[in-house]
Amino acid sequence: MPIFDAHTHVFPEKVHARAVEVLIQKSHGLPAFTDGSLQDQERKALGAGYDGWLNCPVVTSARQMTSVNDWVASWNRWPHLSLGGLFPNAPMEEVLAEARRIRSLGLLGVKFHPEYQEFNILEERLAPLWELLADLKLPALFHAGSDIGFLGATPHSRPADFARLAERFPNLTIICAHLGGWRNWDQVEQDLAGAPLYLDTSFSRGWMTDQEQFERIIRKHGTHRVLFGTDSPWSPLPQALQEIHQTSLSPQEKQAILFHNAAQLFSLPKGLA
């Protein structure tokens, strides 16, 4: 059964140790299960039986866009693939130009984090960006819901906002991380599950008070629109796999989540299936 992890994070060689250290501190001591480097991610993923994985860079300033996208493009080849990053609060002409460059670099989409990047997905000023990503056929993967580094803060996005975004921009491929909204899963079940977008499973089941809700949301949403993800280095890779295998989903449904949905969405190598 091939496995593709659609949500991981790695950092450049010179800063990976410090980046992980800072994020552990900001996340109240959350443990990391890789050292944040590309090499350790590959070693741990292959050791856990994964076939490929997708890096999701979070760009936190306008000046980072070019350098981050150049770096991830330099190694964006199977089995370690990558999205690009955009900073939505940069001047819009710069954001749109970098989106076009992300497409030219062959990156697989764009990662957004409304908490770290401090924006709301329904802001009218962002409409040209969502329209362009749809035209470029670049999926947008969003951190969804609360964030462990911002406990107590009101999230910049709600599950209902993503449903509205999908309604307003039907040609935009939207992926909501953390099963639609970290620690907002009651709202996901009510307002988002079943909408025409993708959910990824990263950093979700282990944080749910109602463990059965994980499977309820997946079934309500439809297994054909769910992607397997771990949020590595913030989840143990073997444990994340077990969270899928422990469900009552059929072998075919598990295979769709673990590989086939991502393979279709990101045009992954067909020889693995």
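View 1. Ser 267 is out in the open, with a relative accessible area of 64%, so it counts as exposed (over 50%; buried is under 20%, partly exposed is in between, with a 1.4 Å probe and protein chains only). What you're looking at is a predicted model, in which local features need pLDDT of at least 70 and side-chain atom pairs pLDDT 80 or more, while totals for chains, interfaces and linings use all residues. Residues are numbered from 1 along each chain as its sequence is written, and side-chain values use heavy atoms, leaving out hydrogens and water. Ser 267 sits in the segment after α11 (251-266); helices (H or I, at least four residues) and strands (E, at least two) are DSSP runs numbered from the N terminus. Check its backbone too: Ser 267 isn't a glycine, yet its phi is positive, about 55 degrees.

View 2. Asp 231 is found in the loop between β9 and α10. Here again is a positive phi in a residue other than glycine, near 65 degrees for Asp 231. Asp 231 has 8% relative accessibility, so it counts as buried. Pro 233 also has its place in the loop between β9 (226-227) and α10 (237-245). The peptide bond running from Ser 232 to Pro 233 is cis, with omega near 20 degrees.

**View 3. His 178 and what it touches.** Find His 178 in the loop between β7 (174-176) and α8 (185-192). Its relative accessibility is 3%, so His 178 counts as buried. Skipping residues up to four places away in sequence, His 178 touches His 7, His 143, Ala 144, Trp 185, Asp 200, Ser 202, Phe 203, Ser 204 and Asp 231 (contact means heavy atoms within 4.5 Å).

View 4. Asp 161 lies in helix α7 (residues 159-168). With a relative accessible area of 5%, Asp 161 is buried. Set aside its neighbours within four places in sequence, and Asp 161 is in contact with Asn 120, Ile 121, Leu 122 and His 156.

View 5. Which residues of α3 are buried? They are Met 65, Val 68, Asn 69 and Val 72. They cover an arc of only 95 degrees around the axis, so they end up on the same side of α3 (the arc is that of the directions from the helix axis to the C-beta atoms). Among the elements covering these buried residues are β2 (52-55), β3 (80-82), β4 (84-85) and α4 (92-105). Pro 79 lies in the loop between α3 and β3. A cis peptide bond joins Trp 78 to Pro 79, with omega about 10 degrees.

**View 6. The largest pocket.** Its space comes to about 860 Å³. A pocket, on a 1 Å grid over the protein atoms alone, is an open set of points where a 1.4 Å probe fits, with protein on both sides within 12 Å along at least five of seven lines; lining residues have an atom within 4 Å of a point. Grid points are joined across faces, edges and corners, and the volume is the space filled by probe spheres set on them. The lining of the largest pocket has 36 residues, with His 9, Phe 11, Leu 23, Val 58 and Thr 60 nearest its centre. By class, the lining has 19 nonpolar, twelve polar and five charged residues (nonpolar: Ala, Val, Leu, Ile, Met, Phe, Trp, Tyr, Cys and Pro; charged: Asp, Glu, Lys and Arg; polar: the others, Gly among them).

**View 7. The second largest pocket.** About 180 Å³ of space lies in here. This pocket is lined by 17 residues, and Trp 207, Ser 235, Pro 236, Gln 239 and Glu 243 lie nearest its centre. The lining divides into eight nonpolar, eight polar and one charged.

**View 8. Leu 133 and the largest nonpolar core.** The largest nonpolar core holds 73 residues, and Phe 112, Trp 130 and Leu 133 have the most contacts inside it. A core here is a set of buried Ala, Val, Leu, Ile, Met, Phe, Trp, Tyr and Cys residues joined through side-chain atoms within 4.5 Å. Apart from neighbours within four places in sequence, Leu 133 is in contact with Ala 99, Val 110, Phe 112, Leu 138, Ala 140 and Leu 172. Another core, of 18 residues, lies apart from the largest one, and includes Tyr 198, Ala 262, Leu 265 and Phe 266.
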